[in-house]
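Hello,

Here is the structure we spoke of handing over. Please look through it first; notes on what was found follow below.

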Amino acid sequence: MASTVIGQPVPQVSALEKVQGRAVYAGDLAFPGMLHARVLRSPYAHARIRSVDVSAARALPGVKAVVTGADVPERRWGVAHKQQHVLAKGVVRFIGEEVAAVVATSESVANDAIDLINVDYEPLDALLNAGSAFDDDAPQVHAEGNLAHEIRIARGDVDAGFASADLIHEDVYSTQSQYPGYMEPMATVATVDGTGKLTVWTATQSVFLARQRLAEALDRPVSTIRVHQPAVGGGFGGKIVEERSSVIAAFLATVVDRPVRLGLSRLEDFQSGCFSVPTRIRLKMGMQNDGRIVAKEVDILAECGAYAGLAPEVMLVTAMRSDNMQRIENVRSRARLVYTHTMPRGAFRGFGGTQMLFALNSHLATMADKLGIDPVDLHRRNAIRTGDTSVHGWSIGSCGLPECLDQVTGAIGWSAKRERPETGGVLRRGIGMAAAMHVSGNRTMGNWDGSTVTLKVNEDGRAVILTAESDMGQGANTMLSQICAEELGIPLSHVTVLAPDTDTAPYALGSIASRVTVNAGHAMLKAAKQARDQILDAAAAKLGCDAADLSIVEGVVQSTVNDNLFAPLPEICRYHIFRHGGEGILVTATHDPRTVMMDKDHYGNIAPAYSFAAQAVEVEVDTETGQVQVVETWLSDDCGRAINPLAVHGQSNGAAVQAIGWALHEHLQFEDGRLMNGNLADYTMPTADALPRVNSSIVESNDPNGPLGAKGASETAILPGAPAIANAVYDAIGVRITDLPITPEKILAGLAALGEKNHASV
Amino acid sequence: MDIELKHDFAAPADRLWTLLLDPHAMANCVPGMQSVEVVSDTEYVARMKVKIAFISASFTIRTVITEQTSPDYLRCESTGEDSAVGSSVKSINEMFLIPDANGGTSLRVKSKATVFGRLGTLGLNPMRTKADRLWVEFCAAVEKALEDAGSGQETQRQSIA
Amino acid sequence: MRPFDFLEPSSLPEALSMLAEHGDACCIMAGGTALLLAMRQRMLAPETVVSLGKLDELRDIAFDPDAGLRIGALARHADVAGSSIVQAHCPALAGMAGGLANPQVRNQGTIGGNLCYADPATDPATFLLAAGAEVTIAGRGGERRLPLRAFLVDYFTTALESGEILTAIHLPPPGSRQMLYRRYLRTPAEHRPVVNIALSAVTDGGALSDVRLIVGAATPVPQALAQTEDFLAGKSVNAAIAAEAAALAGAEVEPLSDGRADAAFRRQIVRTATRRILLDAAGLDWKDNAA
């Protein structure tokens, strides 16, 4: 029987409340006696704080507290590198770093008080350019030096590989930071209750990681803190554990012992925002004439800004993940992460994959050209396949990459467009493609990548799901509701997913590494099956038949052998309670995938499944204005199985747009470490009128380890966009842009250089 | 923000130099300057009003001359505070007076200005262009001051003769 | 945002007397698209905001065969774009108003507020200068009327005195004039033009006369390309003439240079814009005619 829920294009369970403006975000919360906080930020990239005079701010009527670095706990917080305090202590390391905070009766008073704080800074030389981090006279960002992290990975015999190559190509690529651009700027409300417990409502992708960090930053036991996740307006990686405002808000609540709200304006969110890691990537690759990759060497310089955060983990992905997309044996990577006196950079949708896949796909297109091979064939020839174990030990349970390539090239008319004669003229068209892979889950935060779901079936037969896996807009709650409804045989509208709460929900890692569908989906499936078994056992007892002959169909427990034997689900659920020894239906199930942690050589099957994507685009380049317009885009995502195709298309299309923004439009401009365009008028994210129709399609490779065959969707889809566009630009005008973003100025300069070269060769 | 400005004056370098170092003459030439207080030969405090559209900032700017070689080079540092828009400005400025072949002087200003506070975070694009426009106004005013002084000298000379 | 008094006069005289009463401590609000941004960032903290929102008489759009188009200063960009009167008598103006900024701004911002703000990175001024527009300004002493060219003094600076309100924009009857308008965005994701260009000319048997060629957004205030206009007078446009005019325009424009685009880039776009608008006016295809 075809499912009425699984695989159906179901609108998000939160869609109606969101479009009606009734979803409650952290910034919407208000409590009696709530106070308002504002933050003072450093205007210097690097300075010693000589003194802070807060007397005038404290004296302002309505001000309840003014705190500085001197008032915050000594303990430092961080991911692997413990480096940060709640507020800067003694030294500021980037423009925008939080130096002091005010709590007052209104935002307006708090703003006035901020203006009255007088900080005496001693400006110091700043390291603003990652490329200078190792210079002899480079200012040191931290006492231990400017190298935050270094990774070296080597497999096979790279030198022999290059020696056997017919073609060797080497180039340098660079990628810029991207602002996550979520609809909801960071907001937090925190309060301390009569027992001393600190409760925090914040925009987060993981309440338990948020709680862990708060415990560290505020130096208090984990169990004295409770974190709630209200509705979240997008995260894209920026709301994992690197943003800082929730930590400040929680600390302020402990200072004033009253509810405190800290909502950032868009401009402040830009000042404090967690941007993606910029990289410079040197890539050298050897191929045989048939296109087979025989050696690959990578050297990466990545910049984490003032504090490491998650950037070391991000860089590890840049350094090795895309190696697993292809059947290669000889690879060597060196990656160095450096500090600079700029804002911290870290997790971003794709988690380091976008950077390397820009380089890799650009490189493959160039080498395909040199070998006279269609780049699609080149990808196909090297693609990893179902059943393979990759060079880094990843077991590929399913790989729909060839099908993704088929779908996007078929849709865009790849072969016909490749054959088109050159037309000349002012406007030139070109096509390009790229391929990508990503993990679904990642055993990286300790030896557990599990997920636990608690399911309650009420006495009316409706279900409540308790989990701390986060829905930040991507659709986790809808996915869980669909699986639950399907297994229990009840309508989707009879399922509720409770908002994550560390005090009531089972421990969870949250929405990172595309792990929720693949892991929480499994836990949901198990929990629902358990509840279903309990229901059927109770029904069997009540109806006097064998549980194996019963099923639940549209809210009715029905015998499969005797049509007259049935009972409405609510009746069974009540019976489950109202009998001697009865109880309400409450089950908990955990799924921990059979993956391993990487060993010290970064080897091991870290994820239960791996997802793939491909994208083909057509661009039109205006050779007089340098403007690049994406005129057609097709993206195909191998998500294993689309539990909700509508959600997968939404994620694919959103990812494609974010990739177009990164490739062409979004460019953070820094001058002396200062962000010059930190607003949405000057930092131009593409809006609807900047885009063509965005098309996506789905490949269902049915992963053996995925719940119902499903893998993660969304992060993979952001990966191929930028290189597909760069390749299409090259196809259109013969200019290879290796440093993102692809600006009109670079296009015009490239055309001019090409003109001179052609002129010279005549 | 780095600003480089240039203007050619018909006057010789020493006359331009004298004018540029006369704080009261400058008060008439610098657009928006409300008053100037001479602290010493090398230190001034000026009050300036700058308006961009409907936003106006009132800066109290302290300028210290840190190096000078008459009549061709001057370096000064300025710091300014404004309370209306919660901003401050620091700048290091260099002025080069280069005589040209026709007896005139080319004035070149190199300035490195840092804007802190709200003005600094709001995108400096308008301020950059505003600086260019103020320079045009300033140069016109200096030219006029040089002319006025010049015609005054002429008259004086005639009357002596 | 700091607290402020919000006044909503119901007639122009009442508005003028409120402005007189509150002087420099108050701000006039039309659509408020720029004003509220500045207030929210606390760049501006007026004690009083005088909203013109209830002065419906300032929203009227009318046409008179002798006087031409009269557009109330409070007409929103979307009103101008959608007006059947504008569409009938100056379709290029409707096109300009319907394509500027983004839908939010078009539905909220007014043509008068736009001119008074005098931000160069927008469209109306360039077009209206080419159309030979004049403006009416009301003050306590009565009305005055002046050419738009005189109204636009400089970068973010107009001839509007304290206590005055811009009430109307006048476009002379088009007669046999042909008007074209184009805007160029640096990338498709921008909402503000990096260059815009307006061409107004009488086409007499193919030859151009009374040519007005205005470039905006690239310059602190829209600039009339006088040498290019002179060059074009009496000429019939073909590919060679358009290319020559483009080179002239690129040479005479005095572009601004900032974080959004440097002078060299803006100059290149001015060249392109000039060539294309001239070929469009002549009914020729610029796509085949790379300069």
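**Sheets and the A/B interface**

A:Arg48 has A:Val91, in β4(A), as its bridge partner. This is a predicted model, in which local features need pLDDT of at least 70, side-chain atom pairs count only at pLDDT 80 or more, and totals for chains, interfaces and linings use all residues. Residues are numbered from 1 along each chain as its sequence is written, chains are lettered from A and ligands numbered from 1 in the order in which they are written, and side-chain values use heavy atoms, with hydrogens and water left out.

*Chain A sheet.* Strand β2 (residues 47-53) of chain A runs antiparallel to β4(A), and two bridges join them. Strands here are DSSP runs of E with at least two residues, and helices are runs of H or I with at least four, both numbered from the N terminus. Two strands pair if DSSP finds at least two bridges between them. The open sheet has three strands in the order β4-β2-β6 (chain A), paired antiparallel. In chain A, β4 (91-92) and β6 (118-123) each have a single partner strand, so one side of each is without a neighbour in the sheet.

Six bridges link strand β6 (residues 134-139) of chain C to β7(C) in the antiparallel sense. One residue pair there is C:Ala138 with its bridge partner C:Glu143 in β7(C).

*Chains A and B.* Eleven residues of chain A are in contact (heavy atoms within 4.5 Å) with 15 residues of chain B. The area buried between them is about 1000 Å², with carbon and sulfur atoms giving 41%; buried area is the accessible area (1.4 Å probe) that two parts lose on being put together, summed over both. On the chain A side, A:Glu671, A:Arg674 and A:Met676 lose the most area to chain B, together 39% of what that side buries. The rule finds one salt bridge across this interface. B:Lys112 forms a salt bridge with A:Asp672, their closest N and O atoms being 3.1 Å apart; the criterion is a side-chain nitrogen of Lys or Arg within 4 Å of a carboxyl oxygen of Asp or Glu.

Regards
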